[in-house]
Every structure is written in structure tokens, then in C-alpha cells.
Amino acid sequence: MIRAITGTKDILPNDVIKWTYLEQLVKEIFTNFNYKEIRTPIFEETQLFARGIGEETDIVGKEMYTFSDRSGTSLTLKPEMTASVVRAFIEHSLGKLQTLNKLFYISPMFRQEKPQAGRFRQFHQFGAEVLGSDSPLADAEVIIIAYRILVSLGLKDLRVKINSIGIPSARENYKTVLRNYLKDKLPDLTEESKVRFEKNILRIFDSKAENDIKIMQNAPIITDYLDEQSLSDFQVVKEALNSAGIPFEVDPSLVRGLDYYTKTTFEIVSGKVGSQSALCGGGRYDLLINELGGTDTPAVGFAAGIERILLACENENAFTQDDSSIDLYIVVIEKNLDKEAFRLSCLLRENKIITEIDYSARSVKAQMREANKFKAKFVLFIGGDEYKEGCFNIKNMETGDQKKVPINDISSICAMFNK
Ligand code: HAM
């Protein structure tokens with residue numbers, strides 16, 4: 001038997017209900033903040049991500065699905081959206097059309113990570129990129145949107161963590177301080193952290209090893225080494241979140257695993273999804289657009305993992321969205337009326353009434369069972385004495401009330417559904 005690839009998942013009809021509910025909510029909230037949707041291709045030239053995300057990151061170093069096409073061009077399935085959005089922003093000169101571009105997306109992403117609960121190889125993100133504002137209020141806005149979406153889904157066990165990693169020069173100073181602190185502790189660090197010490201020292205904060213955590217707990221903190229602008233911007237972010245009533249904590253170890261960040265970084269974590277607890281993450285990336293060949297444009301954004309969010313919803317019993325019921329089921333009492341029933345079903349569907357009908361000439365009892373399975377709000381019977389009198393019998397499945405409707409009076413059936 002051929003099975004789905006490890007780390008990928010079929011989204012079956014019962015789950016799709018939850019996905020569409022979430023996607024609609026996401027679109028509504030982004031629209032409320034005046035964000036416009038952007039869609040980019042599934043694959044891009046590999047160098048976009050290598051340059052955008054950073055050669056030394058786990059994503060570029062270990063996780064990308066990269067392949068050569070028939071012409072020998074190296075292509076990569078997108079592991080994240082920020083680099084793709086920036087590429088599109090530059091390519092289509094979006095900054096010239098409008099000084100501030102507020103964009104959102106919902107899209108599959110691909111990373112060859114070790115699959116586990118909440119971690120997949122094809123997963124889905126929704127997210128936002130705000131291009132063209134250096135205001136820390138824009139940072140606060142994207143954090144507020146992310147939080148608003150999660151809370152609107154019914155999630156409660158959430159922690160908003162924020163940090164500032166400053167501008168590159170301040171960060172370089174801090175890295176030197178950190179290197180000095182860790183120099184004589186190097187033998188006690190894990191092998192992975194030793195490699196990070198050489199290549200990407202801040203990422204040692206992401207180590208899950210107990211001893212590494214202990215060592216890093218006493219490390220100097222980045223917020224003590226920030227430049228003045230980053231510090232005052234960070235202050236504005238905190239004040240804006242306070243004024244919006246968003247609870248948050250400052251976590252100086254929040255460095256994030258992508259290289260493009262400057263100043264604000266943030267994550268929202270759930271206490272209900274185990275080790276893969278980050279439901280979303282983001283931050284400011286003021287230098288990326290220039291690095292990818294565009295004119296200097298400050299930017300900020302975030303992305304959230306849909307699978308993880310739905311897992312958190314399930315574990316918190318957050319939303320029990322069940323709109324799988326249909327409006328009306330047509331029960332054919334006399335088999336020779338099947339064509340009449342079919343004609344009626346087409347008419348009702350044209351009038352936006354969600355209708356189902358039996359094509360396999362089953363007994364009335366079997367059809368009623370089916371109507372119950374589909375949670376039909378009403379059942380319409382074709383046949384019997386009512387039909388001879390020129391009427392359909394319609395039963396309200398919730399109250400049990402029945403009423404006769406003349407065969408040609410489709411409008412009164414529509415009225416029952418406000419359609
Ligand atoms: P990221 O932290 O790599 O950031 O991913 C954002 C979210 O995607 C994570 O918090 C997580 O919920 C989800 N996610 C990541 N990897 C997986 C996986 N293998 N399986 C399931 N879910 C996953 C970014 O992608 C940045 N582009 C965010 C950003 C936008 N920063 C600025 N703008």
C-alpha cells in the first residue's frame with residue numbers, strides 16, 4: 001500500500017470543518033486591521049532562502065527540501081513565507097505603489113524536521129508581513145493580531161513572550177560579552193551548543209539540554225546591551241501592549257532561529273501542546289529587504305502554525321465547531337418519483353439550500369437514518385397521500401412539527417431557511 005509521506009497529513013472532511021473555520025476567522029481579523037492577502041509560489045530559487053533566512057540557521061543548514069529541476073536550477077519548497085513575501089515586494093515594486101504594505105497569508109510550508117506531535121514536514125502557517133514602517137506600534141499591532149486570533153479561537157493557556165535583540169552592532173557587542181562568559185564553560189556544553197558557540201552563539205539559548213539551560217540562566221542578558229533606539233522602541237512596544245490589555249512577559253533568551261531579526265522578537269506559546277509549544281513567532285526585520293536587493297524598508301511580521309494551534313484547541317477543548325449539518329434531506333417514498341425528487345433537489349440547491357437526496361432507491365427507514373446521519377434540519381417527503389393532493393410533507397427534525405407545502409411553492413420552502 002502507498003502511504004502518505006512521513007511528516008505529512010491528510011486533512012479529512014471532519015477536520016476540514018475546523019480548518020475552514022480557522023481560516024475564515026484569520027481572514028476576518030486581518031481584514032479588520034486592513035491587511036491584504038498575498039499568495040506566492042510553493043517553490044523559489046534556493047538562494048532566496050539561503051540569503052534571506054541565513055546559511056547558519058537550522059532551516060537552511062538541515063531542513064530545506066531542495067532539488068534541481070531539469071535545467072539544473074536549484075529550487076526549494078518554501079520553508080517560510082517572509083523571504084518569499086519580500087521577494088515579491090521587491091519584484092513588483094510594491095513599496096512604490098504604497099508606502100505601507102500590510103500583507104497576510106495562509107499557506108503550506110515544508111521543512112524536513114523530525115516529525116513529532118505538533119511538528120510536521122508539510123505544515124501550514126498563517127501570518128503577516130508589514131513592510132514600510134519602523135514604528136514600534138507596528139510591532140505591537142502584529143502581536144495584538146496574533147493574540148486576538150488565538151483568543152478568538154477560544155485558547156486560554158497562552159503566554160506572550162517578547163524580547164529585543166537590537167540592531168546588529170549592539171548585538172555584536174553582546175555576542176562578545178556572551179562569548180567571554182561561555183569561554184571557560186565550553187567543555188560543559190553539549191556538542192550542538194559547542195558548534196553554535198562558533199557559528200551562531202545566540203542559538204545556545206534554544207538548547208533543551210538541562211545543563212546548557214542552567215549555564216545560560218546565569219548568562220548576561222541582551223537587553224542590558226541594547227542601543228538606545230532599540231531600548232526606547234522596546235519600551236513603546238511594551239506600553240502599547242499594556243494599553244491593548246495584552247498580558248506579556250519579557251524573555252531575554254528569546255533569540256529566534258532565523259537570522260533576519262532586528263529589535264523586537266516575540267512568540268506566543270501554549271501550555272497545552274507539549275514540547276512544540278510555540279504557536280507563533282515573529283519580529284522586526286529592518287535589514288532583510290535591503291539584503292535581498294530592495295531599497296531600505298523597515299518591516300515586521302509573524303507566522304503561526306495552524307496544526308499546532310488546532311492541537312492546542314483540541315487539548316483545551318477550545319472550539320467545538322460543528323457546522324456539518326445539512327438544511328434538508330429529500331426522502332423518496334415512491335421509487336417512480338425519483339426524477340421529480342432529483343429536479344426538486346436541483347432547484348433547492350440553486351436557492352442555496354444545502355440539500356441531500358438518496359440515489360440508490362433505499363427504504364424510507366434507510367433514508368431517514370441517512371437524514372439523521374447528516375443532521376438534516378428538515379426532511380421533505382415525496383410521495384404518499386400528500387403528493388396525490390399536490391403537496392410535499394416537510395418535517396422539522398428538531399421539533400417534530402410537520403407541514404404541507406404545495407408542490408410548486410418553492411418560495412415557502414426557501415422562506416423556512418431565510419433564503
Ligand atoms: P518560525 O518560528 O520558524 O517563524 O515559524 C512560525 C510558526 O510556524 C512556529 O511558531 C510554529 O507554530 C510553526 N512551525 C514551524 N515549523 C513547524 C513544523 N515543522 N511543523 C509545524 N509547525 C511548524 C517563521 O516562519 C517566520 N517566517 C515568522 C516571521 C514572519 N517573522 C517575521 N515575519
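This is a predicted model: local features need pLDDT of at least 70, side-chain atom pairs count only at pLDDT 80 or more; totals for chains, interfaces and linings use all residues.
Residues are numbered from 1 along each chain as its sequence is written, and side-chain values use heavy atoms, with hydrogens and water left out. The chain is divided into domain 1 (13–167 + 227–316) and domain 2 (328–414), with bounds that come from an automatic or database domain assignment.

**The ligand and its shell**

- The shell around the ligand holds 27 residues, of which Glu80, Glu113, Phe120, Glu129 and Tyr261 come nearest; a residue is near a molecule or strand if one of its heavy atoms lies within 4 Å of it.
- By residue class, the shell divides into 12 nonpolar, eight polar and seven charged residues, where Ala, Val, Leu, Ile, Met, Phe, Trp, Tyr, Cys and Pro count as nonpolar, Asp, Glu, Lys and Arg as charged, and the others, Gly among them, as polar.
- From the backbone, an N or O atom of Phe302 lies 3.3 Å from a nitrogen atom of the ligand.
- On its own the ligand has 660 Å² of accessible area, and the protein covers 96% of this; accessible areas come from the Shrake-Rupley method with a 1.4 Å probe, and for residues only the protein chains shown count as cover.

**Salt bridges**

- The structure holds 31 salt bridges, each defined as a side-chain nitrogen of Lys or Arg within 4 Å of a carboxyl oxygen of Asp or Glu.
- Asp58 forms one with Arg203, with 3.6 Å between the closest N and O atoms; the pair links distant parts of the chain, 145 residues apart, since Asp58 lies in helix H3 (residues 58–63) and Arg203 in the loop between helix H8 (191–199) and helix H9 (210–217).
- Both partners are buried, Asp58 at a relative accessible area of 18% and Arg203 at 10%, where buried means under 20% relative accessible area, exposed over 50% and partly exposed in between (1.4 Å probe, protein chains only).
- Asp58 and Arg203 also belong to a network of salt bridges that links them with Lys62, Glu192, Arg196 and Asp206.
- Lys272 and Asp157 meet in a salt bridge with an N to O distance of 2.8 Å; this pair, too, links distant parts of the chain, 115 residues apart, with Lys272 in the loop between strand E9 (262–270) and E10, and Asp157 in the loop between helix H6 (136–152) and strand E7 (158–164).
- Lys272, at 35% relative accessibility, and Asp157, at 27%, are each partly exposed.
- Asp385 and Lys388 form a salt bridge at 3.9 Å, N to O, within helix H15 (residues 384–388), where they stand three residues apart, about one turn of the helix; Asp385 is exposed, and so is Lys388.

**Domains and individual sites**

- The centres of domain 1 and domain 2, taken over C-alpha atoms, are separated by 49 Å.
- Helix H12 (residues 306–315) is mostly covered, with seven of its 10 residues buried, namely Ile306, Glu307, Arg308, Ile309, Leu310, Ala312 and Cys313; just after H12, Asn317 takes a positive phi of about 50°.
- Thr265, in strand E9, is buried at 0% relative accessibility, and a polar atom of its side chain lies 3.1 Å from the backbone oxygen of Leu254.
- Gly95, in helix H5 (residues 94–97), is partly exposed at 34% relative accessibility.

Definitions and conventions. A polar contact is a pair of N or O atoms within 3.5 Å; within protein, one must be able to donate a hydrogen and the other to accept it, and residues adjacent in sequence count only if both atoms are side-chain atoms. Helices (H or I, at least four residues) and strands (E, at least two) are DSSP runs, numbered from the N terminus.
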